[in-house]
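Colleague: I would like to learn how to read a model of this kind, one feature after another. Could you take me through it slowly?

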Amino acid sequence: MRQHRLALCSEHFLAWVPQQVQRAIERYHMFTPDERVLVAVSGGKDSLSLWDILLRLGYQVEGIYINLGIPDSGYSDISQQKVEQFAAQRNAPFRVVNVKAEYGESIPEVARRKRGRNVCGTCGLVKRHIMNQAACEGDFAALATGHNLDDEVAVLFQNALHWATGYLGRQAPVLPASHPKLARKVKPLIRLYEREMAAYALVRGIDYIYEECPYSRGATTLFYKQLFDQLEQASPGAKQQFYLSFLQARTEGRLLLPEADTVKMGECKRCGQPTTAPELCVFCRLWDAEDITE
Amino acid sequence: MKIVYRDKVWELPGNTTVRDAIKKIGLNPESVLAMRDGKLLTDDVLIRPEDIIKLIAVVSGG
């Protein structure tokens, strides 16, 4: 690992990665050992590795898997099977939310009907709503996702390209619960390179879904990741430097970001989740019969 | 030695490090991991002429 000027054998690598996660949990005050944490798992290397690491570190975790109903290449079936296998091997508690069974349509179906071809946007909206609802109703102290350093760097880069100051103000390892019905969101893998996470999963023998989501082909973030891989090859540590320096600059007030307007949020008349809409939240409106393209 | 990645196969003379071999075939070492006989190799490992190396893409999922 050139970025750390460190070379480890597999035994020590398997100890080093959880140490890095523990450090991040403490440094950013993500959660404590006596708090219950809901981990969002997709069957991919990051989320399954995160789940494995949190279990090894002795935290009280429960997994949540959302079946999106993506049939291409058996993507949803296979990813659910990876999650179930993982959990069975470790006797780890988890729950499954099947979007089509719960709400009547799969992500591709509802995206096609209501949102033109915006599958990825629809997927993000649905997942965030479901995860948040599960975290709040299950009384979890925090909701953890498997976002790694490469993910954050790609998003930071995208936000910087557009100078999206709103997003730049909010991108962080921890998003505190800003409303009684919004869960605290944490990213314990934030300091780890995607390559380190892939290596962890392989060395640990975690069986994950290897294929990319069929809808992710040509996604901009994947392109940015390629660009950053090139930068990292030429300049080891570049990804880390970019992200951590950003966090530091913001904390120290060296970034001129406008004050965030406090948005007034009400509660959805149907599901009770926070929303800025007057009646139904955007999630509940998705399932209504009208075929309006948003 | 053979290097396999996705559906492509490369033939190279042996005795290069993992990192150099990956660069030689035009890939970025940051984007892949190398396996031999089901075990992960570190960048500095010397590949032997008789080895078959399987490369795995680091980014997955989307």
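Colleague: Where the two chains meet, how many residues of chain B are in contact with chain A, and how many of chain A with chain B?

Modeller: Two residues are in contact if their C-beta atoms, placed from the backbone, lie within 7 Å. By that test, twelve residues of chain B touch 21 residues of chain A. On the side of chain B that touches chain A, five residues are nonpolar, six polar and one charged, where Ala, Val, Leu, Ile, Met, Phe, Trp, Tyr, Cys and Pro count as nonpolar, Asp, Glu, Lys and Arg as charged, and the others, Gly among them, as polar. Please keep in mind that this is a predicted model, in which local features need pLDDT of at least 70 and side-chain atom pairs count only at pLDDT 80 or more, whereas totals for chains, interfaces and linings use all residues. Residues are numbered from 1 along each chain as its sequence is written, and chains are lettered from A and ligands numbered from 1 in the order in which they are written.

Colleague: Which helices and strands does each chain have, in number?

Modeller: Helices (H or I, at least four residues) and strands (E, at least two) are DSSP runs, numbered from the N terminus. Chain A has twelve helices and eight strands, and its radius of gyration, taken over C-alpha atoms, is 19 Å, close to the 19 Å that the globule rule (2.2 Å times the number of residues to the power 0.38) gives for 294 residues, so chain A is as compact as a globular protein of that length. Chain B has one helix and seven strands, in the order β-β-β-α-β-β-β-β from the N terminus.

Colleague: How should I read a sheet, and what is the strand order of the open sheet in chain A?

Modeller: Strands of a sheet pair through backbone hydrogen bonds, either parallel or antiparallel. Two strands are taken as a pair if DSSP finds at least two bridges between them. In chain A, six strands form an open sheet in the order 3-2-1-4-6-5, with mixed pairing. Strand 3 (94–98) and strand 5 (174–175) of chain A stand at the edges with a single partner strand each, so one side of each has no neighbour in the sheet. Strand 1 (residues 36–41) and strand 4 (residues 142–144) of chain A are parallel and joined over three bridges, with Leu143(A) in strand 4 as the bridge partner of Leu38(A).

Colleague: And which strands of chain B form a hairpin?

Modeller: Strand 1 (residues 2–5) and strand 2 (residues 8–11) of chain B pair in the antiparallel sense over four bridges, and Ile3(B) has Trp10(B) as its bridge partner. Two residues lie between these strands of the hairpin, and Arg6(B) in the turn has a positive phi of about 55 degrees.

Colleague: At what angle do helix 2 and helix 9 of chain A cross?

Modeller: Axes are lines fitted to C-alpha atoms, for helices over the stretch in contact, and angles run from 0 to 180 degrees between N-to-C directions. The axes of helix 2 (residues 45–56) and helix 9 (residues 194–204) of chain A come within 9 Å and cross at roughly 65 degrees. Among the residues that meet there are Leu48(A) and Asp52(A) from helix 2 and Met197(A) and Tyr200(A) from helix 9. By class, this contact has five nonpolar, one polar and four charged residues.
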